[in-house]
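User: Got a model here that I'd like to walk through with you. Can we just go spot by spot?

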Amino acid sequence: MRSIEEIRNKPGTCLVLGNYRPGIQAILDFDHLCGKEAPSIKAIVTAGTKFQKYFWGKGEVLIPCFPTMLAAADAIESVEWMFNINSGRRARQTTIEFFDAFPSALGGHIFAEDVPEKHAIELYERYQKKGKTLVGTAGVGLLVPGYLKLGVVGGADWRQLEKNNLKESGSVAVLSASGGMINEIITMVASTSHGISFALCFGGDRFPLTSPKDAFLAAQDDSQTKHIVYYGELGGYDEYELVELMKSGAVSKPVICYISGVIGEAFDEPVQFGHAKALAGNKSETASAKRAALTEAGAIVAHSMKEFSERIAGIEKDELKEEAMSLDGRSASLFTSTISKETENGYEFAGSSLPDWAHEGDIALQICSALLGKHPQSQITVDFIRTVFLLSVDHGPQVSGALNTIVTARAGKNLVDSLAAGLMTIGPRFGGAVSGAANEWLSGVTEAKDPAEHIESYAKVKKYIAGIGHKKYRVGLEDPRTAILAKFSNRLPNHRYYDYAKAIEAITTTKKGSLILNVDGTIAALMLDILESEEHYSHQELKELVDADFFNALFVIPRIVGFTAHYLDQKRLDEGLFRLPDDDVLLG
Ligand code: ACO
Ligand code: LMR
């Protein structure tokens, strides 16, 4: 087991496995109460959402979520602790996944009850015996006031945390198998002006991962701990471990304890109480026998909860700062924006204040930051976005989108309506194939598809490959835009997506000259290559951009400028309502 002092020296960060909002919020409130600058919880492994929003003091914080441990390990370099709130059936497997993903992690807490005993024994052998610190199962965790809270030990509401003086270390260690009682005793200790040095709940199962013996020795070794307060119960032999430690002198600090369950001796047959091990199968497991053995070893044994409370009150007091941390009145926001915020210096957008953007002067950098949600790492990314925008602004009034804007403008409609007419034209055939093409190239490379099979799979079902084909350009009549964009591949260490797209084109153009890699397909391929090699996006992150339609934004945004220019041009020309000449339409 890691010493309490080592934990104080490096409290570390935590990964939550599973979803239990009150438990997570309690840890965040503890972190904030202790004055930490950031949450100790790095992320949550749970499906169905990318972030969860929690209070951070009176404000709020977004905690990243990952659907699997692998996805979490892909995004997180290291983490020290695990707070495992999965079910008893899944506790073993998820704990193993955690340590496989983070082998240097220090340990964690398993909250679940009904963890099969053979699983608990296996986890003990695999991890606890090799130096990890695992607490549980069927308990409420480990608390080191001022430093680490793993679980709901010490309370699940900020008012409890504050009332229990948990923002600073005290001199009393509180140990128990019982989750409910350990929180009760923490409050008893705190209400008599004492501070907790640490609190550890072994949990009520027969094979606790951190044994009472380990916990008692940890208290003895901890320089902050001056007294040990222990709440035990009938059943099992934990207390006899403590008796041996006290008799041998391994534990010499004062022990104040209460052993519950004397009532069990009023029955002819042993009675099973709440916890799995709370069954006195023989006389030595009874509460009375344990009380007698502890008294004989020198412990101060209370015979009622009232006496227990009085004994605790008799411990010399700790000097504790009485700072209140009222979080009353905090309320959850209705929506979240991480791209824009208001500061005392005005609005920030995509990581810089608007005045800073004006001073910076590079609109391509601003657009790039806006689309990525953060400043790009590479100048190549900015240069590429700038070139894409300059080339995609327009492609003549002939193209369907511009034509619709023009016709709508000449029908006397205003800017927004005329723009909308053009924008509504963008889709799978015109301008809106960039995301589709990115999906084709990403899956083609990731799944190591054979280009010929890829093409055949579409031809069979008579579907078109996004990013391939053009109404104007063809082999022998190259699109000047794709030729300019292609030069970016020379600036990249590798361009596997562009290579794949070109391999597709090499085959499709043998079928028909117009089946070239078009500008949508070229933008998609090179953007994938740049995001992967220059911005270090993972496959998962690229897939999320495809699914979010990020790639189509690279055509839509600049083309809005082009459509607007056509609109204003038509307002200047004012040629009146457009009507297609009859002989341009086949009627009947
Ligand atoms: N993938 C596979 N086969 C195709 C593709 C494609 N993307 N595009 C056309 N073909 C085939 C057709 O199946 C047809 O084959 P067939 O003669 O055996 O029947 C033949 O080529 C001609 O098809 P058309 O639809 O007449 O080709 P057209 O030149 O009209 O289509 C278009 C041009 C609309 C761009 C088409 O190629 C397409 O939809 N491509 C995919 C979407 C896309 O990338 N659009 C972006 C264009 S660039 C821009 O908008 C900025
Ligand atoms: C465009 O950028 O609008 C063109 O590639 C489409 C076209 O038909 O010219």
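User: What does Cys 34 touch, not counting residues up to four places away in sequence?
Analyst: Cys 34 touches Gly 146, Tyr 147, Leu 166 and Lys 167; contact means heavy atoms within 4.5 Å. Keep in mind that this is a predicted model, where local features need pLDDT of at least 70, side-chain atom pairs count only at pLDDT 80 or more, and totals for chains, interfaces and linings use all residues. Side-chain values use heavy atoms, with hydrogens and water left out, and residues are numbered from 1 along each chain as its sequence is written.

User: Where does Cys 34 lie?
Analyst: In the loop between helix H2 (21-33) and strand S2 (41-45). Helices (H or I, at least four residues) and strands (E, at least two) are DSSP runs, numbered from the N terminus.

User: Is Cys 34 buried or exposed?
Analyst: Buried, with a relative accessible area of 19%. Buried means under 20%, exposed over 50%, partly exposed in between, using a 1.4 Å probe and protein chains only.

User: OK, cysteines in general. How many disulfides does the count come to?
Analyst: The count is 0 disulfides, a disulfide being a pair of cysteine sulfur atoms within 2.5 Å. Take Cys 65: the nearest cysteine sulfur belongs to Cys 14 and is 13 Å away. Cys 65 also counts as buried, at 7% relative accessibility.

User: Switching to helices. How do H17 and H22 cross?
Analyst: The axes of H17 (residues 434-446) and H22 (residues 539-547) come within 9 Å and cross at roughly 155 degrees. Axes here are lines fitted to C-alpha atoms, for helices over the stretch in contact, and angles run from 0 to 180 degrees between N-to-C directions. So H17 is roughly antiparallel to H22, the label for angles over 145 degrees.

User: Which residues make that contact?
Analyst: From H17 there are Ser 435, Ala 438, Asn 439, Leu 442 and Thr 446, and H22 brings His 539, Leu 542, Lys 543 and Val 546.

User: Last one: where's Ser 369?
Analyst: Ser 369 is in helix H13 (residues 363-372) and counts as buried, at 0% relative accessibility.

User: And what is Ser 369 in contact with?
Analyst: Leaving aside neighbours within four places in sequence, Ser 369 is in contact with Ile 339, Ala 350, Trp 357, Lys 374, His 375 and Pro 376.

Key. Chains are lettered from A and ligands numbered from 1 in the order in which they are written. Angles under 35 degrees count as roughly parallel, over 145 as roughly antiparallel, 65 to 115 as roughly perpendicular and the rest as oblique.
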